[in-house]
Amino acid sequence: MTAMYDVTVIGGGPAGIAAAIAADKSGARVLLIEREARLGGILKQCIHDGFGLLRFQEKLSGPEYAYRFIHTLQQTRVEVHTLSFVTHINALSKTEDDQPLSSNSKGTTGFVVTITSAKGMEKIATQTLIFSTGCRERTARQVAIHGTRPAGVLTAGSAQYYTNILGQLPCRRCVILGSGDIGLIMARRLHLEGAEVLGVYEAKPTPSGLSRNIAQCLDDFAIPLHLNKTVTRVFGDKRLEAVEIMSVNEAMEPIAHTEERIACDGLILSVGLIPENELAERIGVPLSPLTKGPVCDQCNMTRIPGVFSCGNALQVNDLVDYVSESGEIAGRAAAVFAMGKEVHSAPRYAELCPSKDILAVTPQLLNLDSLEDRVTVFFRVREECSSVCVRFMLEHSDRQIEIFSRKYPHLRPPEMERVILNLKNSTLSEHTRIMITVEKARSS
Ligand SMILES: Cc1cc2nc3c(=O)[nH]c(=O)nc-3n(C[C@H](O)[C@H](O)[C@H](O)COP(=O)(O)OP(=O)(O)OC[C@H]3O[C@@H](n4cnc5c(N)ncnc54)[C@H](O)[C@@H]3O)c2cc1C
């Protein structure tokens with residue numbers, strides 16, 4: 001086993017790079033592990049612009065945005081291992097070699113990470129871990145599309161990889177299923193490369209992507225968007241020949257006798273992302289049913305002390321600027337934790353409690369032992385709504401105190417909102433609940 005690292009970051013996308021830089025800046029000895037040959041994660045294949053609007057006030061492409069961070073990383077002491085895949089994580093024990101880890105592993109002195117690379121299997125020891133492993137895409141089988149298994153049915157990310165990295169057009173006449181951002185971007189991309197994009201089909205009554213992507217990717221190129229419709233079946237033996245489209249009801253169930261067959265050689269799926277947390281789950285990190293990422297505190301520390309999460313592994317992000325910010329939060333906190341400045345074996349937490357109108361919130365917990373005056377919170381609403389007021393209230397046993405409220409003319413589930421809570425004059429205990437509500441705004 002090599003010497004002990006303070007912080008080991010798993011995944012070299014924008015979240016992992018930002019985490020590694022922040023941990024290094026805080027004085028930690030850092031290792032960054034990436035399974036691919038190059039750093040940058042999903043940004044490597046996102047050659048469209050629209051990245052970095054918040055952070056740099058510039059419209060950068062994905063590779064341009066990634067390069068700014070990779071360039072900074074190169075000026076640090078961070079050790080980078082590419083073409084290296086993390087397969088196992090165990091607890092490092094004082095007495096013996098590594099031990100299996102679980103959520104009730106108390107008194108862990110660190111972690112042993114097994115890495116597979118061209119050199120073979122290698123084990124490293126680390127005080128803390130940061131998961132920045134990104135997301136994976138839902139496939140045809142996960143959205144109950146029946147029929148054969150022909151070539152030509154691809155996730156939008158795979159279609160993007162073929163088109164932008166390999167320079168190969170994956171289809172000539174295609175249907176896009178799902179109006180998430182990746183689907184919208186690929187509709188435009190395939191159109192520009194000469195494919196006939198027959199339309200984007202969405203089962204929900206409203207589109208799932210950002211409004212700017214609907215305008216710039218579909219409207220500007222006259223690509224039709226069909227709402228309340230889905231693909232139910234694919235046809236073809238070796239190659240896709242056609243898809244069956246059906247209208248759906250409010251419960252998103254296909255309506256009988258609405259079948260329509262469309263001839264095409266490509267079906268591009270943009271039907272959702274799932275945070276990649278197999279490794280984290282295997283060591284007992286509890287996940288939130290709302291975000292599908294780890295339950296975490298304001299430092300992005302999970303319920304296992306010393307284990308952190310950030311970026312799309314923590315929750316699906318629409319803006320890379322927030323991904324980098326979450327990496328920086330995790331990186332700084334992991335360095336502080338590793339260097340022993342702030343170790344509490346049994347942290348005390350106050351809980352954030354979203355109402356049913358909130359789809360997801362992070363953090364879910366406030367660690368009272370490392371609480372600072374200002375805390376950044378991200379949330380998404382469950383349904384599109386207009387003229388609403390979002391309120392954060394501290395609920396003590398005998399009273400409620402409002403700590404934040406903001407009026408929003410419009411809120412949509414695809415758009416993640418960021419707010420900063422000022423807790424300077426607030427008293428919080430383990431019994432405090434932070435209630436988050438969405439109410440119709442009163443006209444003033
Ligand atoms: C098609 C598309 C278009 C987008 N468009 C925009 C846009 O216009 N503007 C914008 O701001 N945002 C956009 N986004 C969102 C933003 O780019 C992503 O949210 C962000 O890149 C996620 O970063 P990440 O580091 O969390 O994950 P990723 O970029 O996915 O990086 C995760 C990394 O972890 C590595 N990894 C995973 N498991 C292991 C393991 N076991 N061992 C070693 N390495 C591992 C992976 O290889 C990968 O490199 C877009 C996203 C997509 C997919």
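The points below concern a predicted model, and take up a helix pair and then some backbone details.

1. Helix α4 (residues 181-192) and helix α5 (residues 211-218) have axes that come within 8 Å and cross at roughly 15°. Angles under 35 degrees count as roughly parallel, and α4 and α5 are therefore roughly parallel to each other. Their crossing is left-handed.

2. On the α4 side, the contact is made by Asp-181, Leu-184, Ile-185, Ala-187 and Arg-188. On the α5 side, Asn-213, Ile-214, Gln-216, Cys-217 and Leu-218 take part. By residue class, the contact of α4 with α5 has 6 nonpolar, 2 polar and 2 charged residues.

3. The peptide bond joining Thr-362 and Pro-363 is cis, with omega about -5°. Pro-363 sits in the loop between β23 (358-362) and β24 (365-367).

4. Asn-228 is not a glycine, yet its phi is positive, about 60°. This residue lies in the loop between β15 (225-227) and β16 (229-235).

5. Met-252 is a residue other than glycine with a positive phi, near 65°. Its place is in the loop between β17 (242-247) and β18 (260-263). Met-252 has 42% relative accessibility and so counts as partly exposed.

Key: Residues are numbered from 1 along each chain as its sequence is written. This is a predicted model: local features need pLDDT of at least 70, side-chain atom pairs count only at pLDDT 80 or more; totals for chains, interfaces and linings use all residues. Side-chain values use heavy atoms; hydrogens and water are left out. Axes are lines fitted to C-alpha atoms, for helices over the stretch in contact, and angles run from 0 to 180 degrees between N-to-C directions. Helices (H or I, at least four residues) and strands (E, at least two) are DSSP runs, numbered from the N terminus. Angles under 35 degrees count as roughly parallel, over 145 as roughly antiparallel, 65 to 115 as roughly perpendicular and the rest as oblique. A crossing is left-handed if the near helix is turned anticlockwise from the far one by less than a right angle, and right-handed if clockwise. Contact means heavy atoms within 4.5 Å. Ala, Val, Leu, Ile, Met, Phe, Trp, Tyr, Cys and Pro count as nonpolar, Asp, Glu, Lys and Arg as charged, and the others, Gly among them, as polar. Buried means under 20% relative accessible area, exposed over 50%, partly exposed in between (1.4 Å probe, protein chains only).
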